[in-house]
Amino acid sequence: MEIMIKPLTPELINDYFDFFDHRAFPDDSPFYPCYCNAYNMSLLQIKEQLFARLQKYGGGADVWKRVLRESAWNMVNSGKIKGYLAYHDGISIGWCNANDRLNYYRVGEFNMDDIPEDKPPLDCPDKGDVKSIVCFEISPDYRGMGIAGRILERICEDAAEEGYAFVEAYPMDHVNDNSLAFTGPLRLYEKFGFREYKRIGSTIVVRKDLRQL
């Protein structure tokens, strides 16, 4: 099966939303329809921009989707949300949120009903040091076909070319429900040369040293 991996750009924004609207969560994931907003927003921004607009527009699931969609639209167009789309036959079937670590306010798994405080990065003093992978989502019809691995390879290749020293990810040490494993499984990262760097609660911080490539 031929899979194409493309970095997200504003020109691909319709493919981004097509994926989230039609193929990302048909299996009743509790995170529908996230549009991958919250990693790139401070807790204050989430409260003032997302929750405040939710109340302003009247509340409810449809309004929440509208608020998240509007926010993601602005962040993709401004280049704040970055990552990679996977395509099959010209249709977007997978997504990975990957960006400079200093562009994220939090990493690891969390719930929008209990958003953690903004967390400073670990051992990442400057932009260009660490590229972080915070979320994977593959259409259920395409899972188990190695697509996440293809995306991960591309991220590491590009990060090395961009001069990053490390690629970092945040799998959980145990996942009882596959729908919650949006940070990616530990075995995926180990397969591609990531090693445990440290643990924070149930989150395993793994890194791949690109300086050895």
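The legends below describe close-up views of a predicted model.

Residues are numbered from 1 along each chain as its sequence is written, and side-chain values use heavy atoms, with hydrogens and water left out. Because the model is predicted, local features need pLDDT of at least 70 and side-chain atom pairs count only at pLDDT 80 or more, while totals for chains, interfaces and linings use all residues.

**View 1. An open sheet of 7 strands has mixed pairing.** The strands, which are DSSP runs (E, at least two residues) numbered from the N terminus, follow the order β1-β2-β3-β4-β5-β7-β6. Two strands count as paired if DSSP finds at least two bridges between them, and the edge strands, β1 (4-7) and β6 (195-200), each pair on one side only. Strands of a sheet pair through backbone hydrogen bonds, either parallel or antiparallel. Strand β2 (residues 83-88) pairs with β3 (residues 91-100) in the antiparallel sense over 6 bridges, and glycine 83 has asparagine 97 as its bridge partner in β3.

**View 2. Strand β7 (203-209) is mostly covered.** Of its 7 residues, 7 are buried, where buried means under 20% relative accessible area and exposed over 50%, with partly exposed in between (1.4 Å probe, protein chains only). In a regular strand the side chains alternate between the two faces of the sheet. Here Thr203, Val205, Arg207 and Asp209 point one way from β7, whereas Ile204, Val206 and Lys208 point the other way. On one pairing, 4 bridges join β7 to β5 in an antiparallel arrangement, and alanine 169 has valine 206 as its bridge partner. β7 also pairs with β6 in the antiparallel sense, over 5 bridges, and arginine 199 has isoleucine 204 as its bridge partner. In the hairpin of β6 and β7, 2 residues lie between the strands, and glycine 201 takes a positive phi near 65 degrees.

**View 3. Helix α2 (residues 43-56) has a buried side.** Helices are DSSP runs (H or I, at least four residues). The expected span is 1.5 Å times one less than the number of residues, so the 14 residues of α2 should span 20 Å, and the 18 Å between its end C-alpha atoms agrees. Leu43, Ile46, Leu50, Arg53 and Leu54 of α2 are buried. Why do they lie on the same side of α2? They cover an arc of only 150 degrees around the axis, an arc taken from the directions from the helix axis to the C-beta atoms. The face turned away from the buried side carries the exposed residues Leu44, Glu48, Gln55 and Lys56. After α2 comes glycine 58, whose phi is positive, near 110 degrees.

Notes:
Contact = heavy atoms within 4.5 Å. Axes fitted to C-alpha atoms, helices over the stretch in contact; angles between N-to-C directions.
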